[in-house]
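I opened this notebook to record what I looked up on helix packing and on charged side chains. The entries follow the order in which I checked them.

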Amino acid sequence: MKRHPPAPVSEDDARLFREAIGAVRRIDPVAAPPPAPKPAPLPRMLEADEAAVPGELLDMAFDPATLEVGEELGYLRDGYSPKLLRQLKRGQFSVQDEIDLHEMNAAAAQASIAGFLAEARQHGLRCVRIIHGKGLRSKAAGPVLKALTDRLLRRRDDVVAFASARPAQGGTGAVVVLLKHPP
C-alpha cells in the first residue's frame, strides 16, 4: 500500500479547527527525567564455576592440594652450573614464546612439544614456557601432560634446564625451559 503525503491544510480548515478547540496555551518543554541507573552486572559464569567446584572436588580420586606443594618440576643437564637452575626458578630469564597443551591428548602434546622446541631453536630462542596444566581433570591417573612434558624434556639434547614456572606464570601448571645457545 502506497502512502501519499498529507494534503495541505486550507485556511478554512485551520479556522474551523481553532474555533472548535478554543484558546490554547503553549506548554513549556520539560526536561526528560534522567535514565534509571543500569543494574550492576552479575558474574553468572563465576557463580556457575564456583557452584561446580564442590562436586568436582568430590569426583577426584586424588587431593589437588598435593599437586601444588612438592610437585615442582626441575632439571639441570650435567655439566651446567646449578646457578643456572636457580636463576631459572627465580624467573630471571625472559620467556620469549610459549605453548599451551590444555585439551590435548598425550600424542598431540608430544608432537606439539617437539614442533614447538624445534621452531624455538630455529628462531634462536633461549627461554620458552610450556603450559601443561596441573592435571586436575586427570582423575586417578594424575597429571598426564605434566609427566609427559617432564619425560620429553629430560630426553632432549637441546634442553639445558627446566623448572616449574613462578606462580604468576602458571606455577606447577607450566614449565620454563632453557634451551642451548644456537650454534
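Predicted model: local features only at pLDDT ≥ 70, side-chain atom pairs only at ≥ 80, totals over all residues.

Entry 1, helix packing. I looked up helix α5 (residues 106-122) and helix α6 (residues 144-155), whose axes come within 10 Å and cross at roughly 40 degrees. Helices here are DSSP runs of H or I of at least four residues and strands are runs of E of at least two, numbered from the N terminus; axes are lines fitted to C-alpha atoms, for helices over the stretch in contact, with angles running from 0 to 180 degrees between N-to-C directions. I noted that the contact, meaning heavy atoms within 4.5 Å, is made by Ala106, Ala109, Gln110, Ile113 and Leu117 of α5 and by Leu145, Leu148, Thr149, Leu152 and Leu153 of α6.

Residues are numbered from 1 along each chain as its sequence is written, and side-chain values use heavy atoms, with hydrogens and water left out.

I searched the whole structure and found six salt bridges, each being a side-chain nitrogen of Lys or Arg within 4 Å of a carboxyl oxygen of Asp or Glu. In one of them, the side chains of Glu19 and Arg15 meet at 3.1 Å, N to O; both residues lie in helix α1 (residues 11-21), four residues apart, about one turn of the helix. Glu19 is exposed at 54% relative accessible area, whereas Arg15 is partly exposed at 39% (buried is under 20%, exposed over 50%, partly exposed in between, with a 1.4 Å probe and protein chains only). Asp12, Arg15 and Glu19 are linked in a network of salt bridges.

I found Arg129 in a salt bridge with Glu98, with their closest N and O atoms 2.6 Å apart. Arg129 lies in strand β3 (residues 127-131) and Glu98 in strand β2 (residues 97-100), so the pair ties together parts that are 31 residues apart in sequence. Arg129 is buried at 13% relative accessibility, while Glu98 is partly exposed at 38%.
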